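Thanks for making time this morning.

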Amino acid sequence: MSKNVLVFNCGSSSLKYRIIAMPGEAELAGGEAQRVGPRTTEPSQIIHRSGGETRIHTVVMPDHKSAFVEVMKLLTATHLEPDMIGHRLVHGGEVFPGTVLLDSEMLGKLRSVEHLAPIHNPPAVALVHACAELYPAMPQILVFDTSFHSTIPEYANTYPLPRWLREDMGIRKYGFHGTSHRFVAEEAARFLDIPMNELNAVSCHLGSGGASLCAIVGGKSVDNTMGYSPLQGLLMSTRSGDLDPGVVMRLLARSGGDASAVEQLLNKKSGVLGLSGSSADIRDILESGANDVSGPLRTTKDVYLWRLRKYLGSYLAVVGSTKAIIFTDTIGETVPEVRLAMCADMQSFGVELDPARNNSVGFYPRDIATDESPVRVLVIQTNEELAIARQSYAVFTKTVVSGGIR
Amino acid sequence: MNILSLAPAYRSLQFEYLNDTDRAVTTSGKVENFGTHGEALETIAGALARVPADHGPDRIAIRVAFGGHLFSSVAVVDEEVLSRLHELIPGAPLHIPALLELLEACGVRYSDVPVVLIFETAFFADLPERESTYGIDGALAESLRLRRSGYHGIFHQAASGIGAPDRILSICLEPQPEVAAVMSGRPVMVTGGSTPLEGLPGQSTCGEIDPTIILALAQDLKLGTEQIDLLLTHDSGLRALGDPSATVGVVLKSNDESNRLARDVLRYRMLLAVGAGQAAMGGIDEIVFSGRFADAGTSLMPWIEARLAHFPVRTTHPIGSRYVTDSLLRIVSDIACSVQVARVSKIKD
């Protein structure tokens, strides 16, 4: 029997939602509540898509709970009743290693992971509480970005730090973007017509903001370039990525020990923005600095592409018998230059990109490797909301339908 | 020719005295807890004087761990070099005066012997910008001189010297291990950073970690930067994961359960570096092990080879391996021997 999954993807001041009929995967309605929170110069509004129409509703939404109430009003007005709610949470820490059906005990534990992702987790946790309060009988499923990475082996998730830090403070690699990496990996397995547990791949989630690579062996994540937080790894739009610990300490000393100032610097004013001094969007840099032989735009482009290439090599070495490299999200799906810089001259790994296919992807999913290439290079559109709907439905059918609900 | 090879470190001076014709070490040792470098050199001169039938050093080679961005890899000491070193004092107020003191002592004790400086970081001075640049504000990095400069340049230089194939993956197994990719003699990638903390974990150093962790130590545990520095420099690395006294060599060779996690983490990080180096060069012709634990490469190499054998390539390309077992002091003296000294420069005292 078809079930309607209402998927919420909570931003710090936004609430994206979709209602998807499962298992058919038809999207019934969707939209985004914008400027949720304290009043700004522009009014808060909901952009609602339903039945081929898009409408803008201006409503006051001082918090995510009120945004939720308004979204429910729009849905019930068109007789779209959800059977369950699937939430996206950025960080589940060690408390939530996998996707779960919410119960009262977990609701209490949720507060303990809020601080792990200080920008994203608190509004999402508040939303979960609001849903539980207003619709106590509605099954709620929590899908964590960290959960796909719970299979990263100990030798890859351990930082060489004193035991008390690792154990008492939970300092280890968690990895992020897991919902997206899992989704495109499943799509890749389907495209290659192999079972998920036979998929060996490197997944490249290259967003216009955050970005990470994921090494996948037997369908399971074995490493992710992000770490304890989403700051580690690749050069991102405003995040520095990897940085010498000695440099971090110098910056800390220079700011008089003000850790939050350094956190701001490394998360908001570094990366593509910090290096270029002009834009946080790598597409701007690739376009405007295309012919520069030197200067900040050229440096930004070179550093961005070089670090991607090195990490791709690292993960190809980890995966070994790779079947596919997967490119996804805004940059991965739409910028051929990035894919070319990463995949050119990589025959020693078995990767042979077809430049013509790379330049004219046209449709998704698309294989842009040469016919002879032992490793396939796939461009796949990510769909985190659908991924959450799939996982929610799977947990729901397993626990609720089989009578496991408490 | 007799070479006196010196490696100064904080309050210690290591030396090796050897003959470049038969490559035999005549005497060697380490002077520690000395008052001045003059005293230290006197102690060494005493050891040299006890060598029978010996005319004394013909050349002095000194390893210098900094300043590589201002000097090419070697410099024969003369007045100009000395004045350039003087100019560097503000940037390295502890190291340069100590080196100048040592040079002065050499001038007093061995006034006719040419002194050759070998700059450790010079090998990485022309590291490509894309590799040396950190992902932070450009002006800030410039003003604080924050750039990747590598650490064990002398070992990588020795690993990729004359006769080496084009694409070398150089694995230096010192207490602070480092992997570099060297193409046609020039470095294109290195795990070490602007300080010895970045890159692979060392015997007591943390290596690459999420920057947020450091900020969490400051914010949540209220640790000061000196405490954090101590924690990451002395209490981390392999000793934090296994037997606290195990060296890189022991960790890589041991099958002991107490070092399992340390070994697995170190090997895994090396595999990541090997993959990055392969991507950086488009392939690897040879893997070269160097450093005082170079022989542990015999355990590491089969493990790496087994992993690289899984690549689904259409044509296989054999990867060679080689071991540079010379010590740092030996490499330093070899480099010093290869330098042409036009005239014997006298150092005024």
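Please find B:Arg148, which sits in the loop of chain B between helix H5 (138-143) and helix H6 (153-159). Keep in mind throughout that what you are looking at is a predicted model.

Chain B has a mean pLDDT of 91, and 97% of its residues reach 70 or more. For the complex, the predictor gives an ipTM of 0.93 and a pTM of 0.93.

Now to the place where the two chains meet. On the chain B side, 64 residues are in contact with 65 residues of chain A. Several helices of chain B give two or more residues to this side, including H4 (129-132), H7 (211-219), H8 (225-234) and H12 (297-308), but the largest share, 12 residues, comes from H11(B). Sorted by class, the side of chain B that touches chain A has 33 nonpolar, 19 polar and 12 charged residues.

In H7(B), 7 of the 9 residues are buried, so that the helix is mostly covered; among them are B:Pro211, B:Ile213, B:Leu215 and B:Leu217. What covers the buried residues of H7(B)? The cover comes from both chains, and includes helix H7 (245-254) and helix H8 (259-268) of chain A together with H8 of chain B. As for H8(B), its buried residues are B:Thr225, B:Ile228 and B:Leu232. These three lie on the same side of H8(B), because they cover an arc of only 60° around the axis, and they pack against H7 of chain A together with H7 of chain B.

Let us turn to chain A, which is divided into domain 1 (3-171 + 385-401) and domain 2 (194-383). The centres of the two domains, taken over C-alpha atoms, are 26 Å apart, and 10 residues of domain 1 are in contact with 7 residues of domain 2. Helix H15 (residues 384-401) of chain A gives the most to the domain 1 side of this contact, with 3 residues, and that side has, by class, 7 nonpolar, 2 polar and 1 charged residues.

Finally, look at strand S12 (residues 324-328) of chain A, which is largely enclosed by the rest of the structure, because 5 of its 5 residues are buried. A:Ala324, A:Ile326 and A:Thr328 are buried on one side of S12(A), and A:Ile325 and A:Phe327 are buried on the other. S12(A) runs parallel to strand S9 (residues 201-206) of chain A, to which it is joined by 5 bridges, with A:Ala201 opposite A:Ala324. It is also joined by 4 bridges to strand S14 (residues 376-379) of chain A, again running parallel, and there A:Leu378 is the bridge partner of A:Ile326.

Technical notes
Residues numbered from 1 in each chain as written. Chains lettered and ligands numbered in written order. Predicted model: local features only at pLDDT ≥ 70, side-chain atom pairs only at ≥ 80, totals over all residues. Domains from an automatic or database assignment. Contact = placed C-beta atoms within 7 Å. Nonpolar A, V, L, I, M, F, W, Y, C, P; charged D, E, K, R; others polar. pLDDT = per-residue confidence, 0-100. Buried ≥ 20, exposed ≤ 12 C-beta atoms within 10 Å, placed from the backbone. Pairing = 2+ DSSP bridges. Arc of directions from axis to C-beta.
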